[in-house]
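Hi there,

Here is the structure I promised to pass on. Have a look at it first, and then read my notes below.

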Amino acid sequence: MDKVRLGIIGTSYWAEGFYLHNLHTHPNTILAAICGRNQTRAEALAAKFGIGLVYRDYRQLIDSRGLDAVVVATPEDLHHPM
């Protein structure tokens, strides 16, 4: 089975503690990109979880090539536009 290349939008404690931790340890996923408003926080999480691409604008992450799916891990009122 091919691995699923994922992007994640959000850098909160919830994104880190639930999504990133679980997806990082899943044998069929590759965390390929992360997006957060705080560049320093996004870069720190990218380093911690081995994520190669860091974005500050979710539209750039969505438009990036090579992702199979995107996880939106932001507050619920922001989900629709993303």
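A strand here is a DSSP run of E at least two residues long, and strands are numbered from the N terminus. With that in mind, Lys3 sits in the segment before strand 1. Please remember that this is a predicted model.

What does Lys3 touch, leaving aside its neighbours within four places in sequence? Its contacts are Pro27, Asn28, Thr29, Ile30 and Asp68. The C-alpha atoms of Lys3 and Asn28 are separated by 4.6 Å, although the two residues are 25 apart along the chain. Lys3 is partly exposed, because its relative accessible area of 46% falls between the 20% and 50% cut-offs.

Now for the overall fold. The protein has three helices and four strands, in the order β-α-β-α-β-α-β along the sequence. Its radius of gyration is 12 Å, which agrees with the value near 12 Å for a compact globule of 82 residues. Of those 82 residues, 37% are buried.

The largest nonpolar core has 13 residues, and Ile8, Leu20, Leu31, Ile34, Phe49 and Ile51 touch the most other members. Strand 1 (4–9), helix 1 (13–25), strand 2 (29–35) and helix 2 (39–49) each give this core at least two residues. Apart from it there is another core, of eight residues, including Ala32, Ala33, Tyr55 and Leu67. Not counting residues up to four places away in sequence, Phe49 touches Glu16, Leu20, His21, His24 and Leu31.

Finally, the charges: there are 8 positive and 8 negative side chains, and the centres of the two sets lie 5 Å apart.

Best wishes

Notes. Residues numbered from 1 in each chain as written. Predicted model: local features only at pLDDT ≥ 70, side-chain atom pairs only at ≥ 80, totals over all residues. Heavy atoms only, no water. Core = buried A, V, L, I, M, F, W, Y, C linked by side-chain atoms within 4.5 Å. Buried < 20%, exposed > 50% of the residue type's maximum accessible area, 1.4 Å probe, protein only. Contact = heavy atoms within 4.5 Å. Rg over C-alpha atoms; globule rule 2.2 N^0.38 Å. Lys, Arg positive; Asp, Glu negative; His and termini not counted. Charge placed at Lys NZ, Arg CZ, Asp CG, Glu CD.
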